[in-house]
Amino acid sequence: MINEQKDPFLVRKTSLCSFGNCGTVDISAQQVLDGNGLKIIHKVRGGDYGGNTVNMAFRQMLFRLFSGPSLLKFKKEYPIDYMEMMRSFERTKIRPIKPEDKTVSTRISAPLLEISEEDSECNIHEIIESSQYAGQIRVKRDKLFINLALF
């Protein structure tokens, strides 16, 4: 009897599994079936505020702001800078936000700004002011400040 309770793979035993990473927790439930199969009772699923949904919204914002061709050129010519910029955004997502905070900041890569300015023949401030994000984002040095109201 004691052995049966410690065996995690007993037939018809139900297990709750959780995985925590970067401020979120994924939970699923399975039941062990005859023949060592598993029946999924509750699937892991993300909501609208899950990591990938937020990442997609951020990439869409970059795509609209800097233009698709400029962003693709940046990703192709500076893949390490692109990955570092996206990692910075991941760190921004897990940083605690205080109630009085109005903006969040994340790193923006200088080569992306240069490519975008060259392609559009405008400086970054003109690009932002002529975009749908005017008044909601700003760039200072290597930081992109995003108004929390945008989310």
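Predicted model: local features only at pLDDT ≥ 70, side-chain atom pairs only at ≥ 80, totals over all residues.
User: OK, how many salt bridges does the structure hold?

Analyst: The structure holds two salt bridges. Besides the Lys-93 and Glu-90 pair, there is one between Lys-73 and Asp-119, where the closest N and O atoms are 3.8 Å apart. That pair links distant parts of the chain, with Lys-73 in helix H3 (residues 68–77) and Asp-119 in helix H5 (residues 110–120), 46 residues apart.

User: How accessible are Lys-73 and Asp-119?

Analyst: Lys-73 has a relative accessible area of 29% and is partly exposed, while Asp-119 is partly exposed with a value of 39%.

User: Let's zoom out. How many helices and strands are there in the protein?

Analyst: The protein has six helices and six strands, and along the sequence they follow the pattern α-β-β-β-α-α-α-β-α-α-β-β. Of its 151 residues, 28% are buried. Among contacts in the protein with a separation of 6 or more, 46% are accounted for by residues 24 or more positions apart.

User: Back to the helices, then. At what angle do H2 and H3 pack?

Analyst: H2 and H3 pack at an angle of about 115°, and their axes are 6 Å apart. The two helices are therefore roughly perpendicular to each other, a class that takes in angles from 65 to 115 degrees.

User: Which residues in H2 and H3 meet?

Analyst: From H2 the residues are Arg-59, Leu-62, Phe-63 and Phe-66, and these meet Gly-68, Ser-70 and Leu-71 in H3.

User: What is in the loop between H2 and H3?

Analyst: Ser-67 has its place in that loop. Although Ser-67 is not a glycine, it has a positive phi of about 80°, and it is partly exposed, with a relative accessible area of 28%.

User: Which other residue has a positive phi without being glycine?

Analyst: Glu-121 is one of them, with phi near 60°. Glu-121 is found in the loop between H5 and helix H6 (124–129), and it is exposed, at a relative accessible area of 72%.

User: New topic: how many aromatic pairs does the count come to?

Analyst: The count comes to three aromatic pairs. One of them is the stacked pair of Phe-58 and Phe-89, with 3.8 Å centre to centre and 5° between the planes. This pair links distant parts of the chain, as Phe-58 is in helix H2 (residues 51–66) and Phe-89 in helix H4 (residues 79–94), 31 residues apart.

User: Are Phe-58 and Phe-89 buried or exposed?

Analyst: Phe-58 is buried, with a relative accessible area of 4%, and Phe-89 counts as buried at 4% relative accessibility.

User: And what about Phe-74 and Tyr-78?

Analyst: Phe-74 and Tyr-78 form an aromatic pair that is also stacked, at 6.2 Å centre to centre and with 25° between the planes; an angle under 30 degrees is why the pair falls in the stacked class. Phe-74 counts as buried, at 0% relative accessibility, whereas Tyr-78 is partly exposed, at 33%.

User: Which residues do ring pairs link into a cluster?

Analyst: The cluster consists of Phe-74, Tyr-78 and Tyr-82, linked by ring pairs.

User: Last one: what sits over the ring of Phe-145?

Analyst: The charged end of Arg-138 sits over that ring, 4.2 Å from the ring centre.

Conventions:
Residues numbered from 1 in each chain as written. Heavy atoms only, no water. Phe/Tyr/Trp six-rings, centres within 6.5 Å; stacked < 30°, edge-to-face > 60°. Helix = DSSP H or I, 4+ residues; strand = E, 2+ residues; numbered from the N terminus. Buried < 20%, exposed > 50% of the residue type's maximum accessible area, 1.4 Å probe, protein only. Lys NZ or Arg CZ within 6 Å of the ring centre and 35° of its normal. Salt bridge = Lys/Arg side-chain N within 4 Å of Asp/Glu carboxyl O. Axes fitted to C-alpha atoms, helices over the stretch in contact; angles between N-to-C directions. Parallel < 35°, antiparallel > 145°, perpendicular 65-115°, else oblique. Contact = heavy atoms within 4.5 Å.
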